[in-house]
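Student: I have just opened this entry and would like some orientation. Could we go through it together?
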Amino acid sequence: MSAETSLIKARGARIELAQVRKEYADSVAVDDVSLVIEPGEFMTLLGPSGSGKTTTLNIIAGFTAATSGTLTIDGTQMQNLPPHRRDIGMVFQHYALFPHMTVAENVAFPLKQRKVPRARRAEMVEAALETVRLGGYGHRRPRELSGGQQQRVALARAVVYEPSVLLMDEPLGALDKKLRESLQLEIKRVHQEVGSTFVFVTHDQEEALVLSDRIAVFNDGAIQQVGTASELYEKPQSLFVAEFLGESSTVRGRVEPDGDDSCLRVGDRTVRAAGRLAEGSAAAIVVRPEHLRVQPVTQPTAPGANALPARVTQEIYLGSGRKLEVALPDGTVLLAREQADRLSGVRRGDEVTVVWDADRGVLLDDSSCSTHPPASGDRTPVTTAEKSGR
Ligand code: ADP
Ligand code: MG
């Protein structure tokens, strides 16, 4: 890209939602959402369908009015400002290009609306198309482009006027997996190039992990936790967040006090985790698959490590290693991941010991969590595919 045709780097705006609530006649779509999005940040709103992500995005855009609470952008109250005066670009799941216009005319449309002079318009359109790697495609019609290319045109149209905020609502939801992954990298690069504040909505946790500076996890209209991908993965503050992001194994039991650590009674065994919860309360320990080791029952366990008897129920080949599903005596299924150069040698059907270090388990309250059924002997882990709705 030459210097003359590059977009002027936009100054990202600071977005602040304070105690935002949106009620409909028979439901509460968004309940007391407070969130600060820093200038130039890539923030993803992640959560299952119906959790309030689109409503929150539409409140920022101005398409939906909040019932109560405040929205400020760069310190200015937005309540009475219509969408077209908010300096916001938007990309939707369905590209919504004008079919009768060329690609260049589509991208020029917002510039015309803003009365940018014709000569300058041509330069800006070319720069925006270069930014999404569609330089030279200006004369085509949308129907002459693939779905992925059409979505890149929509992205060019949203960034062409250098808005300080770009909102995207599941923009890759209609594309197949391979294309989605390549466009994720494009969007990440475009974000770094244009400098606007990006707010991105998805229900796909892998997509959120790839793209975001920070992620706000939504459930039932409320934000459960806000943090970087690694903060949410390593230090989830609730079972919902632990189980929604990445793969995890959950061991449930009751808290018993034991010195500085908290002890959990699981069947006839006791396991430990850092952190404390009230004695006797229902609790869970969440462990990531890479921290669970599966070993033959004959192998002694290191002192201090947590160990539970189990049986291997599934071996899954991953190329880079393998994943094992093991079942505890009560039916709880745990996942362990083994690297190709550190395979344990246990097979499906083997009686084994699952082992993990106490500081690799996250102790969480299990009393108010509604994401799992009441105690039963047959729990299966939620897989990534189920969480993504695929
Ligand atoms: P998400 O984008 O996370 O899937 P939404 O923000 O679209 O969720 O919806 C959140 C909740 O608000 C849902 O229960 C939905 O049915 C409800 N809702 C959204 N828009 C309306 C509306 N216009 N009228 C009534 N209920 C709505
Ligand atoms: Mg939505």
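This is a predicted model: local features need pLDDT of at least 70, side-chain atom pairs count only at pLDDT 80 or more; totals for chains, interfaces and linings use all residues.

Student: Understood. Which domains does the assignment give?

Tutor: The domain assignment gives domain 1, residues 15-234, and domain 2, residues 247-365. Their C-alpha centres lie 40 Å apart.

Student: And what does the C-alpha trace span along its principal axes?

Tutor: The trace spans about 80 × 45 × 35 Å.

Student: How many helices and strands are there?

Tutor: The protein has nine helices and 20 strands.

Student: How many bridges join strand 4 and strand 5?

Tutor: Two bridges join them, in the antiparallel sense; strand 4 covers residues 68-73. Threonine 72 has glutamine 77, in strand 5, as its bridge partner.

Student: Changing topic: what percentage of the residues is buried?

Tutor: Of the 390 residues, 50% are buried. The protein exposes about 18600 Å², and carbon and sulfur atoms supply 49% of that area.

Student: What about charges: how many positive and negative side chains are there?

Tutor: There are 46 positive and 51 negative side chains, and the centres of the two sets lie 6 Å apart.

Student: Lastly, what share of the contacts between residues at least 6 apart in sequence joins residues at least 24 apart?

Tutor: That share is 68%.

Note on methods. Residues are numbered from 1 along each chain as its sequence is written. Chains are lettered from A and ligands numbered from 1 in the order in which they are written. Side-chain values use heavy atoms; hydrogens and water are left out. Domain bounds come from an automatic or database domain assignment. Helices (H or I, at least four residues) and strands (E, at least two) are DSSP runs, numbered from the N terminus. Buried means under 20% relative accessible area, exposed over 50%, partly exposed in between (1.4 Å probe, protein chains only). Contact means heavy atoms within 4.5 Å. Accessible areas come from the Shrake-Rupley method with a 1.4 Å probe; for residues, only the protein chains shown count as cover. Lys and Arg count as positive and Asp and Glu as negative; His and the chain ends are not counted. The place of a charge is taken as NZ of Lys, CZ of Arg, CG of Asp or CD of Glu. Two strands pair if DSSP finds at least two bridges between them.
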